Amino acid sequence: MSTLKKILVDKDKSCKSVWFMRQAGRYLPEFRKIRSENKNFIKLCLNSELSSEITLQPIKRFNLDSAIIFSDILMTPYALGQEVEFIKDQGPELSEFNLERFLDNNETEFSKKLNPIYKSIEKTRKKLHKNKSLIAFIGAPWTLLVYMLNLKKNKNELDLDKLNKKNINIIKILDKLIKFLSIHIKNQISAGADTVQIFDSWAGLIPNKDIKNYCFITNAKLVEFCKKEKIPNICFPKGIKEKYKDFNETVKPDGINLDYEIDPLWAKNNLRNVVIQGGLDPKVLLKSEDEMLKGATKYIEVFKDIPYIFNLGHGLLPETDPDRVDKLIEYYRNY
Ligand code: CP3
């Protein structure tokens with residue numbers, strides 16, 4: 001069994017396990033090379049040969065315990081009929097959302113459009129050592145909705161007027177997304193992934209009065225589905241601060257990824273009956289080696305006597321030096 005599952009499922013606290021969000025990505029020259037030859041990001045995600053190769057790039061370089069499949073959360077809106085474009089230095093842009101078109105989607109067509117991802121998982125599983133986990137992922141319904149309805153005003157603000165003005169039935173869209181996301185989870189597991197991470201990257205932007213409906217209940221339904229299917233799951237409700245406690249008690253995931261704003265000691269005292277993952281600010285990898293290791297020590301020390309998966313509080317940054325990643329992993333291993 002992989003160390004990830006030993007910790008996540010068996011709650012083995014004597015075991016070490018490490019992987020990083022965005023471990024396959026722009027900080028690796030071997031990724032940048034493939035990327036420069038493949039300008040269309042969606043097409044790259046749908047190239048099962050290259051997607052599998054990219055997934056394995058960090059595994060070849062570093063002493064990691066898990067691979068996360070190279071794809072994107074926006075493959076779901078893509079498969080549901082929206083055009084998705086990644087604009088350099090600006091991020092993703094989706095074509096206008098059409099409710100009728102969205103509600104008209106059928107399950108077979110959806111799975112067919114995402115089939116290259118499942119093929120990539122099959123290929124990767126065959127090449128990955130049996131002791132290593134292969135992690136599948138989805139974007140949480142709310143975070144996908146932010147992109148689908150183009151709700152972001154800027155990095156940290158939502159255009160809520162847009163929501164209110166259009167009188168959109170958000171719950172109806174979220175419910176439909178849950179249905180398709182459950183299928184996407186199931187398909188990834190059937191193809192050979194063994195764990196799923198649910199990214200709610202924009203949960204922190206939800207107004208207080210809506211957090212239960214938009215974040216807690218939607219994540220809970222997906223976790224419930226995973227539990228019914230016996231799929232180990234990890235939630236990442238980024239940016240919700242002290243509401244991590246409420247989230248954990250309502251959603252009851254197997255694992256929860258801390259973001260870099262959460263104090264590890266607070267997490268240890270307040271997040272019960274869940275395996276904690278991550279938390280370390282990816283920016284510390286850009287600082288001096290001393291500062292990086294000091295930052296890591298804080299997490300390793302606080303969590304040394306409970307089950308803990310070593311990871312970050314958000315994805316590795318493109319400016320990260322790969323040698324630093326190696327140093328950090330070795331430091332954790334030898335601690
Ligand atoms: O290594 C891995 O973690 C697996 C692959 C992965 C990617 N995206 C590849 C990717 C995963 C798990 C994601 C998740 C994802 N995608 C999230 C949730 C996690 C988070 O970062 O909050 C979100 C919000 C997205 C949407 C997205 N995809 C954005 C906003 C962008 C552009 C800006 C950015 O962060 O790079 C992407 C592009 C993207 N997805 C890249 C990669 C490697 C960069 C592609 C490139 O420009 O070459």
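Which residues come nearest to the ligand? Of the 22 residues around the ligand, they are Arg22, Arg26, Arg35, Asp72 and Ser201; a residue counts as near if one of its heavy atoms lies within 4 Å. This is a predicted model, in which local features need pLDDT of at least 70, side-chain atom pairs count only at pLDDT 80 or more, and totals for chains, interfaces and linings use all residues. Residues are numbered from 1 along each chain as its sequence is written, and side-chain values use heavy atoms, with hydrogens and water left out.

**Ligand site**
- The shell around the ligand has 13 nonpolar, five polar and four charged residues. Asp, Glu, Lys and Arg count as charged; Ala, Val, Leu, Ile, Met, Phe, Trp, Tyr, Cys and Pro as nonpolar; the others, Gly among them, as polar.
- Ligand oxygen atoms lie 2.6 Å from a polar side-chain atom of Arg35 and 2.7 Å from one of His314.
- The protein buries 87% of the 860 Å² that the ligand exposes alone (Shrake-Rupley method, 1.4 Å probe).

**Strand E7**
- Strands are DSSP runs of at least two residues, helices (H or I) of at least four.
- Six of the six residues of E7 (residues 195–200) are buried, so this strand is largely enclosed by the rest of the structure. Buried means under 20% relative accessible area (1.4 Å probe, protein chains only).
- Thr195, Gln197 and Phe199 point one way; Val196, Ile198 and Asp200 point the other.

**Pairing** (at least two DSSP bridges)
- E7 pairs in the parallel sense with E4 (residues 133–139) over five bridges. Thr195 is the bridge partner of Ile135.
- E7 also pairs in the parallel sense with E8 (residues 233–237), over five bridges. There, Gln197 has Ile234 as its bridge partner.

Note on methods:
A polar contact is a pair of N or O atoms within 3.5 Å; within protein, one must be able to donate a hydrogen and the other to accept it, and residues adjacent in sequence count only if both atoms are side-chain atoms. Buried means under 20% relative accessible area, exposed over 50%, partly exposed in between (1.4 Å probe, protein chains only).
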